Amino acid sequence: TSRRLLQRLRDREEKAVREADEVYVFGWSMPRSDKDQMQLIRRALASRKNPLRRVVAVNWNAPNNYYHRVADVFGLPPKAVTRHDEGLRDFFHRAVVAG
């Protein structure tokens, strides 16, 4: 893969985070090796005009500190992250019940 292609993808990713109203995190374990991704998200958030309205994290039996890390990366208090800790089944079930 060319570096040029990767840079275009990262530019689009940063623009998406900068312009989004809501962010959905599906199964991203946030390993230390993704430090560049966390920096990209923080940089995009720093240039936003308005805060995110909503961050939803979908994972499977993640520890509490996982959701704290998601909140930290997206610049929110932990209680502001909507948690779906039983994976996609939990996410879709709540969507059907609410919808």
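**View 1. R43 and its salt bridge to E14 in the predicted model.** R43 is partly exposed, at a relative accessible area of 43%. The closest N and O atoms of R43 and E14 are 3.2 Å apart. R43 belongs to helix α2 and E14 to helix α1 (residues 3–19), so the bridge links distant parts of the chain, 29 residues apart. The structure holds 5 salt bridges.

**View 2. The salt bridge between D72 and R42.** The N to O distance between these side chains is 2.5 Å. Because D72 sits in helix α3 and R42 in helix α2, the pair ties together parts 30 residues apart in sequence. D72 is partly exposed, with a relative accessible area of 49%, and R42 is also partly exposed, at 36%.

View 3. Beyond its neighbours within four places in sequence, F74 contacts V23, V25, I41, L45, L52 and V55.

**View 4. The salt bridge between R89 and E86.** The closest N and O atoms of this pair are 3.5 Å apart. R89 is exposed, with 55% relative accessibility, whereas E86 is partly exposed, at 42%.

**View 5. D90 in helix α4 (residues 87–98).** D90 has a relative accessible area of 12% and is therefore buried, the cut-off being under 20%. Apart from neighbours within four places in sequence, D90 is in contact with R83, H84 and D85.

Notes
Residues numbered from 1 in each chain as written. Predicted model: local features only at pLDDT ≥ 70, side-chain atom pairs only at ≥ 80, totals over all residues. Heavy atoms only, no water. Contact = heavy atoms within 4.5 Å. Helix = DSSP H or I, 4+ residues; strand = E, 2+ residues; numbered from the N terminus. Buried < 20%, exposed > 50% of the residue type's maximum accessible area, 1.4 Å probe, protein only. Salt bridge = Lys/Arg side-chain N within 4 Å of Asp/Glu carboxyl O.
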